[in-house]
Amino acid sequence: MLTFKRALLVAAVVLTFFLFLRNSHTSSPPPPMNANSPKPTGSYSDNKKIQETAPEEKAHTSSAQAPVGTWAAEPHHPIYKKPKPQISMEDLKTRPLRQQLAYQFPYDPEGKFPAYIWQTWKYTPASGDFDEAFRHSEASWSELHPTFVHEVVTDSVAVHLIKHLYSAVPEVVEAYNSLPVPVLKADFFRYLVLLARGGIYSDIDTAALKSAVEWVPAEVPRSTYGLVIGIEADPDREDWHEWYSRRIQFCQWTIQSKPGHPILRDIVASITEETLRRKKAGQLGKDSIKSVVEFTGPALWTDTIFRFFNDPEYFDMSTSKGNITWQHFTGIKAAKKVGDVVVLPITSFSPGVGQMGAGEDDDPMAFVKHNFEGTWKPESERHIGE
């Protein structure tokens, strides 16, 4: 029989047990937040796959804060600006084109490099019309990047993709559709898709020699850079201007970027403005291919990069000893970091060319092999100054 005294005793035991359980739960601290959780890297936060870092990239991430070994960095100190407040679509359309692009595709310098590989061609690898000469090189990108999304975008698909990505900036869509020849659209596409989505763009006639996670040493935190480029040409001969458009020329057949990078924003705006200007003046004929290098190609790409390197909007120029020029990159054998841009030596994306100090395909710094097919050119002009 449960007496009053026994009831009090049972109640005391139950209360003690309850307090013990509560203390055992509250004394343990909550689990820490995952420091490696992916951050949004662009305007399309609904696409989780492109925001996630590949497993091998996480393995190479380091907490070191400065380049080591043979690495060099120019004494330009980058300026990172705070996010701008929201504005209405009506107000946005009245802003200059570069401001519209910056708002639509914000740049997060500490974001992840999206695990995307972009290529363009007339046909997809699944098509029987896909050129057999490209199968091995195209497959190399998937083989060395098994966790990446690898897309070969056809011309017909590219039209719809650009329309979707830039629907809020109709001038860009108009400019893309107005370009009269495929090579101009192919050049423009790489900048457009990287600005909006980020990842890696590489021409269909390139082969991956090493995974992109090995392009930059693990000692350099990925939160400190947002664009990886390579040198295409470093001619030291007196008649260099007869072969190349710039004394140092950066290649645009392979580019890695985070979405929204200011260099991509600038070149997209420049091509858009020049295309629409030519269209209005009736100067946008098929003979535009003669000026492709300056219009959309490596000359414009190189000029845009150097303009960024010396722009006080992005760098504290008070600590600089002068402008950054081609002389800072000629003859380099290791990567060089300027602000949030990593510049790789000529061997990295042009191994085996047999000139300008480039190493062979088995060089430790050889990352991408370019076969210089130049399929958009007449046969007599291929393999020359690609």
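**Exercise 1.** How do the residues of the lining of the largest cavity divide into nonpolar, polar and charged?

*Solution.* The model is a predicted one, in which local features need pLDDT of at least 70 and side-chain atom pairs count only at pLDDT 80 or more, while totals for chains, interfaces and linings use all residues. Residues are numbered from 1 along each chain as its sequence is written, and side-chain values use heavy atoms, with hydrogens and water left out.

Step 1. A cavity is a set of points on a 1 Å grid over the protein atoms alone where a 1.4 Å probe fits but cannot get out, and its lining residues have an atom within 4 Å of a point. Grid points are joined across faces, edges and corners, and the volume is the space filled by probe spheres set on the points.

Step 2. Two cavities of 30 Å³ or more are present, and the largest has a volume of about 70 Å³. Ten residues line the largest cavity, and those closest to its centre are Ala212, Val213, Arg222, Tyr225 and Gln256.

Step 3. Ala, Val, Leu, Ile, Met, Phe, Trp, Tyr, Cys and Pro count as nonpolar, Asp, Glu, Lys and Arg as charged, and the others, Gly among them, as polar. The lining accordingly comprises seven nonpolar residues, one polar residue and two charged residues.

**Exercise 2.** Which residues of the largest nonpolar core touch the most other members?

*Solution.* Step 1. A nonpolar core is a set of buried Ala, Val, Leu, Ile, Met, Phe, Trp, Tyr and Cys residues joined through side-chain atoms within 4.5 Å. Buried means under 20% relative accessible area (1.4 Å probe, protein chains only); 47% of the 386 residues in the protein are buried.

Step 1. The largest core has 64 residues, of which Leu101, Tyr166, Phe250, Trp301, Phe309 and Phe329 touch the most other members. Helix α9 (residues 182-196) provides the largest share of this core, ten residues; helices are DSSP runs of H or I with at least four residues, and strands are runs of E with at least two, numbered from the N terminus.

Step 2. Not counting residues up to four places away in sequence, Tyr166 touches Leu101, Phe105, Val172, Val173, Leu192, Leu195 and Ala196, where contact means heavy atoms within 4.5 Å. A second, separate core of 22 residues includes Phe113, Ala212, Val228 and Phe372.

**Exercise 3.** Which parts of the protein does the aromatic pair of Phe250 and Phe329 tie together?

*Solution.* Step 1. Rings of Phe, Tyr and Trp (its six-membered ring) pair if their centres lie within 6.5 Å, and planes over 60 degrees apart count as edge-to-face. The count by this rule is 18 aromatic pairs.

Step 1. Trp121 and Phe134 form an edge-to-face pair, at 5.0 Å centre to centre and 90° between the planes. Both residues lie in the loop between β3 (116-120) and α6 (135-144), so this pair ties together parts 13 residues apart in sequence. Trp121 is buried at 12% relative accessibility, as is Phe134 at 4%.

Step 2. Phe250 and Phe329 also form an edge-to-face pair, with 5.7 Å centre to centre and 80° between the planes. Phe250 lies in strand β8 (residues 249-250) and Phe329 in the loop between β10 (315-316) and β11 (336-338), so the pair ties together parts 79 residues apart in sequence. Phe250 is buried at 0% relative accessible area, and Phe329 is likewise buried at 0%.

Step 3. One aromatic cluster is formed by Phe250, Phe306, Phe308, Phe309, Tyr314, Phe315 and Phe329.

How values were computed
1 Å grid on protein atoms, 1.4 Å probe; cavity = no way out; pocket = protein on both sides within 12 Å on 5 of 7 lines; lining within 4 Å. Buried < 20%, exposed > 50% of the residue type's maximum accessible area, 1.4 Å probe, protein only. Phe/Tyr/Trp six-rings, centres within 6.5 Å; stacked < 30°, edge-to-face > 60°.
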